[in-house]
Amino acid sequence: RKMIGSSIATVGHASHLAFAHSPCSFLTPVRPRHTPQRCVVLMQAASKGKDEQRATPSRRTAVLSALILASSLFMGAQTSSAVDTSTDARVFTVQQTTDPARPYTLMATPEKLLLDKLAKNNVIFLGEHHNKADDHTLQAKIIAGLAERRGGDLAVGLEMVQEQFQWALDSYINRDIRDDVAAEKALYDGVEWAERWQWSYENYLPVFRLARAQKIPLIALNVDSAAMEKVRFGGFESLPQKDRDLYVDDKKGFIAFAKTPGFVDYVEKVVMPSYAFHADMGLLGKNPNRANFYSSRILWDEGMSNVARRFLQKDNDKKLMVILEGADHVKFGMGSVGRMKRMAPSFQVASVLLNPTTVDSLTDDDEEQPLALQMAYGGQVITGAEGTSQTKPKGVLGLADYLWFSSPPTNALIPAALRKVA
């Protein structure tokens, strides 16, 4: 904890100096749970053979590559407006309580009812596992339901595509190439998918095909990997001024966000565990640096939310953007979600985790453990330079606003004790 706190303090100081002139950018590769079929040999060497989703060698972030069955694209949505409390429920609203022993519960919610509610937002984050085919099928289903409700006032933001390749997405949606197969190949090549993302392209095709068919804009959110690598290897100060200006507008807010209650715990439990993995794999160079790794990760979140905000505000906030990002950027509200709320406080923002597991909720990697709906923070005793001690305030961060499963979760994952009866 001391090392992490030191890293954050170091970055805070460095970022303050850098932002005295202007903002920045970054990249941290996403770590696979298992080797995806299209992944590089380097990642194949990292596979341990066990289902590991945590960011440490024994608990790695979930990402399993598989092909999506197009026939499952449009699954039937529930039509009842009554609250569903049966074990067949797939969709849940995460509700805060006044009970310290059980700060959050789940209310089973009909899909149609939730889609109606989600359609009233400005931004919806769908937290995915990059290589889970079911997650992408579910994304297409949700987007289709929102398109029925919002029509032309809908856009889809993509973590998978870097901002400089927006032209390729526009060309695909505008049908510059009329043949669908040729257009998909041109999109794959145009965004440099194999070099820049590497997770299964086929898994995302249901989303892309839906967007093309209904002319839903696809928006590239990620920042240029060349700019991100500069931060990862050399820190904020290595990033040219023009790139700082491109990726961060709210300089003071960006720096101050590190003081948000629960943020340090989020960094410790969600962001930094993957540092050792990246360093051991040689992905951070010969002299890996914790502060630079931290910098790259928080700039990743800041940059994606900033690009999305700019797009929406150009249209006077009339559109709804559905943002597809990895679950770690979405859960507990301290990644892209919290940053979007900070930089656009007038926006209605919702977070949805797709097919969450106990690893996503930081529960022990045990199939018998239930999903944790919150992450506790605070309680640390901080000793100042003069020897005085201060205890950090305690609190909890909710996992997400909603949980959406492809199939009903088991009672082991969501036991009756977590379900609120109507």
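Hi everyone, this is a short tour of one protein, from its overall make-up down to a few strands and helices. Please keep in mind that the model is predicted.

Let's start with the whole chain. The protein has 422 residues, and 56% of them are buried. Its secondary structure comes to 16 helices and 12 strands. If you look at contacts between residues at least 6 apart in sequence, 76% of them join residues at least 24 apart.

Now, the sheet. Eight strands make an open sheet with mixed pairing, and the order across it is β2-β1-β12-β7-β3-β6-β4-β5. At the edges sit β2, residues 104-108, and β5, residues 218-222, each pairing on one side only. From one strand to the next, the twist averages 30 degrees.

Let's zoom in on one pair. Strands β1 (residues 91-96) and β12 (residues 402-404) run antiparallel and are joined by three bridges. There you can find F92 opposite L403 of β12.

Next, another pair of strands: β8 and β11, residues 395-398, are antiparallel, with four bridges. A376 stands opposite V396 in β11. In a regular strand, side chains alternate between the two faces of the sheet. Strand β8, residues 374-377, has M375 and Y377 on its covered face, while Q374 and A376 are on the uncovered one.

Last stop: why is helix α16 described as largely enclosed by the rest of the structure? Because six of its eight residues, in the stretch 336-343, are buried. Among them are V337, M340 and M343.

Technical notes: Residues numbered from 1 in each chain as written. Predicted model: local features only at pLDDT ≥ 70, side-chain atom pairs only at ≥ 80, totals over all residues. Heavy atoms only, no water. Helix = DSSP H or I, 4+ residues; strand = E, 2+ residues; numbered from the N terminus. Buried < 20%, exposed > 50% of the residue type's maximum accessible area, 1.4 Å probe, protein only. Contact = heavy atoms within 4.5 Å. Pairing = 2+ DSSP bridges. Axes fitted to C-alpha atoms, helices over the stretch in contact; angles between N-to-C directions.
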